[in-house]
Amino acid sequence: MPKTFSSLLLIPLLCALLAVSTRTPAVADPPRPREFTLNERMIERLGAPAGPSACEPRSVVSDLLRQIGPSAKVYPTENYYYFQFYQGGKSYSGSLRFTPGKREKGILEFACYETYASWLQFERGTDFFADLSEKDGVRLTAREHLAFELAVEGHTTTFSLNDVDQTPNGEILTANERFVGRIFDESGLRFDLVYIPDRKSFFFVLDTRTQVDETFVTVSPHVHLGRRTGFVFYEDESRKRHILIAVNSEETYKNSWLDGPFDQLPENHYETNGFWNYVYDAFPDLKGRLTANGTFLDNGSIFAMMPYRVYLSQAGLAFIKTCQESNADRTDLLVCLTNGHDK
């Protein structure tokens, strides 16, 4: 669901610094041919006529399945399959969501809206959200573990949800930290969500045990900026881990694929990980307000967690130096960097 946050501050790329990549190239597999995003196609599609029905769900899903083909992989761990298209001189974004508790009943969550832009004030009332089922001409059927077949107007696609391994990585945890779950963000990066019980604080650690599809520039000692994502990491040398401390505020405003992992929690494993035990320990006022799948009972919005900052300018990263200078203790520093307050 679209969410926005107040803009804070930005970092100009430091071009003179060399990029450091944690990516390990595959040895066994031959390189795949490039896939191009073509300006030609965008311009041609912009000219397609569109009226109030640009986000009509049945036609959108039908066209989407026609393009995808017989199978698809849903990588984000809150089970969103994102898409974007152009029509009538506008850009539209949206998603299909295979929500626990609904997907088993044949219900698909659908979202479609004009793509957000920082130079416009959008009227969010035009955003389109709906629960689709067979009565809407959309048939969703469970086929096997975390695999669902979607059929619309003669087009059928099987969506395989991401069964991310939830085995804790003990090497990155201190004695007073707890593993909450492993997530796959729509940016293409994986993170471990970690909880500090005595501080009631969460934070995300970059999972570097598998290929990390990002390159970095070092903007200050122990601080690294992702060239592609704009994610800012603090390198905790004592545990050999990279902690997410900030994302770019323009991306959060746009609700883009680079808005951070706040809305990609490990919902396929909430029960097995004891996820809500940690959440209610940190936020006891939420007890009784959420479903088992993380939906607020009063308004239908989705629980999200954002233990990191946002930045828009270089001055926005001044908090890093302030935290380093005022917190000698490692845990105090971590909480300051990620949650914005001292002990």
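Which residue takes a positive phi in the hairpin of strand 11 and strand 12? In this predicted model, local features need pLDDT of at least 70 and side-chain atom pairs count only at pLDDT 80 or more, while totals for chains, interfaces and linings use all residues. Residues are numbered from 1 along each chain as its sequence is written, and side-chain values use heavy atoms, with hydrogens and water left out.

The residue is Lys-200, with a phi near 55 degrees, and the hairpin has four residues between its strands. Strands are DSSP runs (E, at least two residues), numbered from the N terminus. Strand 11 (residues 190-196) and strand 12 run antiparallel and are joined by six bridges; two strands count as paired if DSSP finds at least two bridges between them. Within this pair, Tyr-195 stands opposite Phe-202 of strand 12.

Strand 12 spans residues 201-206, and six of its six residues are buried, where buried means under 20% relative accessible area (1.4 Å probe, protein chains only). In a regular strand the side chains alternate between the two faces of the sheet. Here Ser-201, Phe-203 and Val-205 point one way, whereas Phe-202, Phe-204 and Leu-206 point the other way.

A further group of four strands forms an open sheet of mixed pairing in the order 2-9-8-7. Its edges are strand 2 (71-74) and strand 7 (139-144), each of which pairs on one side only. Neighbouring strands of this sheet are turned by 25 degrees against each other on average, direction ignored; the axes are lines fitted to C-alpha atoms, and angles run from 0 to 180 degrees between N-to-C directions. Strand 2 and strand 9 (residues 155-161) run parallel and are joined by four bridges. Val-74 stands opposite Leu-161 in strand 9.

Technical notes
Buried means under 20% relative accessible area, exposed over 50%, partly exposed in between (1.4 Å probe, protein chains only).
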